[in-house]
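Keep the viewer open as you read.

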Amino acid sequence: MRSRPLVLAVTLATLLLAACGTSQESGPEPPAPTGTRADGPRSDGARLVYRGEGRASAQNPAFSPDGRRMLFTLFHGGYNEGAAALRVVPFDGRAASPQEPRADTLLDESDRAAVNLPGASWHPSAGVAFASDRAGRDEVWVLPPGGGRPVRVTEHRGKSGYLEPSFSPDGEWIVFQESVEEETGNEERRPSRAALGSLWKVRRDGRGATRLLDGPATGTDNRQPNWSPKGDRLVFQRRERGGDTWALYVMNADGTGLRRLTDGSGEHTDPSWSPDGRSVVFSSTAGGLEVPQIFVIPAAGGAPVRVTRNPGGYDGAPSWSPDGRWIAFEAHPGDEDRPTALWRIPAPGAVTR
């Protein structure tokens, strides 16, 4: 994930759900980047959805429940750098338009980072789940539908951070990761390479916190959990203690039935579900790739299918649209320090016309 230190005023536009009202809270608000759709389609058929201005890095796309908008995290200082805002951009799935899309701001706090997870972080009746250290340490928060102040879900002590929240289909539960953080010389805090992350679930009102997978006890680092559309399973990424290789795993929503989903070499990360729950989309270097691309694998296991082909460029953090037609992802050409933009590509087998 991409959690960073974060600070200051709240500005809320609307969540703009069809079933939600409109609300806005006043306060200092930096101007939203205008973005651009000037980039033409890539050779693999991917098309630009949104690009921030200058160093601003658009990351972690997640579709609205009706599929007409896209939630994302905008890091103002570059990829994973500086303060970060939650923003929403229109999505129609059609060819790029000469008109530049405007991103509406949901939450932007100076020197603080509000970070959403690709996948199931936007629920029609529960709102938007995100991680932020706006109260001093990384905790799970929810931005209610229709606007309003963020509601704190978790509260804990110690040096760990609560990150990567994902809603259950009924909106009653949130699954998230707990990762130990380390202090760095520039006073930033970030998950340590030696961290052994655990997975938890908690009710949206903060009750019933339950550890599903104990990282320290199992000698594993577990991150980026995403709830399946039926609510019966979780998909997440895992690596062994001190290792550098990530694999995808699936388990039941109560923490039982753990099984490995990906086999073979490569870094397999950023998993989220197809709307029918039959497939998982993820970022991977499978097949000896030097830079991650987007792949899809059956949820029951099997051979992954490559979706994007971006020579020399990075594609990651994918989400599947609710109608099953599109996969959105973040991408940049080459150097990992370059800011990412949001792109979309037809899902395998989807009819997009």
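Strand S24 (residues 326–333) is mostly covered, with seven of its eight residues buried. Buried here means under 20% relative accessible area, exposed means over 50%, and partly exposed is in between, using a 1.4 Å probe on protein chains only. Strands are DSSP runs of E at least two residues long, helices are runs of H or I of at least four, and both are numbered from the N terminus. This is a predicted model, so local features need pLDDT of at least 70 and side-chain atom pairs count only at pLDDT 80 or more, while totals for chains, interfaces and linings use all residues. Residues are numbered from 1 along each chain as its sequence is written, and side-chain values use heavy atoms, with hydrogens and water left out.

S24 pairs with S23 in the antiparallel sense over six bridges; two strands count as paired if DSSP finds at least two bridges between them. In that pairing, Asp-315 stands opposite Ala-331 in S24. The hairpin of S23 and S24 has five residues between the strands, and Gly-324 takes a positive phi near 80° there. S24 also runs antiparallel to strand S25 (residues 341–346), joined by six bridges, with Phe-329 opposite Trp-343 in S25.

## A four-strand sheet

Now look at the open sheet of four strands in the order S6-S7-S8-S9, which pair antiparallel. Its edge strands are S6 (122–123) and S9 (151–152), each pairing on one side only. Strands of a sheet pair through backbone hydrogen bonds, either parallel or antiparallel.

S6 meets strand S7 (residues 127–132) in the antiparallel sense over two bridges, and His-123 sits opposite Gly-127 in S7.

## Ring against ring

A search of the whole structure turns up seven aromatic pairs. The rule is that rings of Phe, Tyr and Trp (its six-membered ring) pair if their centres lie within 6.5 Å; planes under 30 degrees apart count as stacked, over 60 as edge-to-face and the rest as tilted. Tyr-50 and Phe-72 have ring centres 5.0 Å apart and planes at 40°, so this pair is tilted. Tyr-50 lies in strand S1 (residues 47–50) and Phe-72 in strand S3 (residues 69–75), so the pair ties together parts that are 22 residues apart in sequence. Tyr-50 is buried at 0% relative accessibility, and Phe-72 is buried at 0% too.

Phe-236 and Tyr-249 are stacked, because their ring centres are 6.1 Å apart and their planes are at 20°. That pair links distant parts of the chain, with Phe-236 in strand S16 (residues 233–240) and Tyr-249 in strand S17 (residues 247–252), 13 residues apart. Both Phe-236 and Tyr-249 are buried. Elsewhere, ring pairs link Phe-63, Phe-91 and Trp-326 into a cluster.

Arg-134 lies over the face of Trp-141, 4.6 Å from the ring centre, and Lys-201 lies over the face of Trp-173 at 4.8 Å. A charge sits over a ring if NZ of Lys or CZ of Arg is within 6 Å of the ring centre and within 35 degrees of the ring normal.

How many salt bridges does the structure hold? There are 14, each being a side-chain nitrogen of Lys or Arg within 4 Å of a carboxyl oxygen of Asp or Glu. One of them joins Asp-133 and Arg-112 (3.3 Å, N to O). Asp-133 is in the loop between S7 and strand S8 (139–143), Arg-112 in the loop between strand S5 (104–107) and S6, and the two are 21 residues apart. Both Asp-133 and Arg-112 are buried.

Arg-152 lies in strand S9 and Glu-139 in strand S8, so the pair ties together parts 13 residues apart in sequence. Arg-152 is partly exposed at 29% relative accessibility, whereas Glu-139 is buried at 0%. Arg-325 and Asp-323 meet in another salt bridge (3.9 Å, N to O). Arg-325 is partly exposed at 27%, as is Asp-323 at 48%. Salt bridges that share partners also join Arg-42, Asp-44 and Asp-315 into one network.
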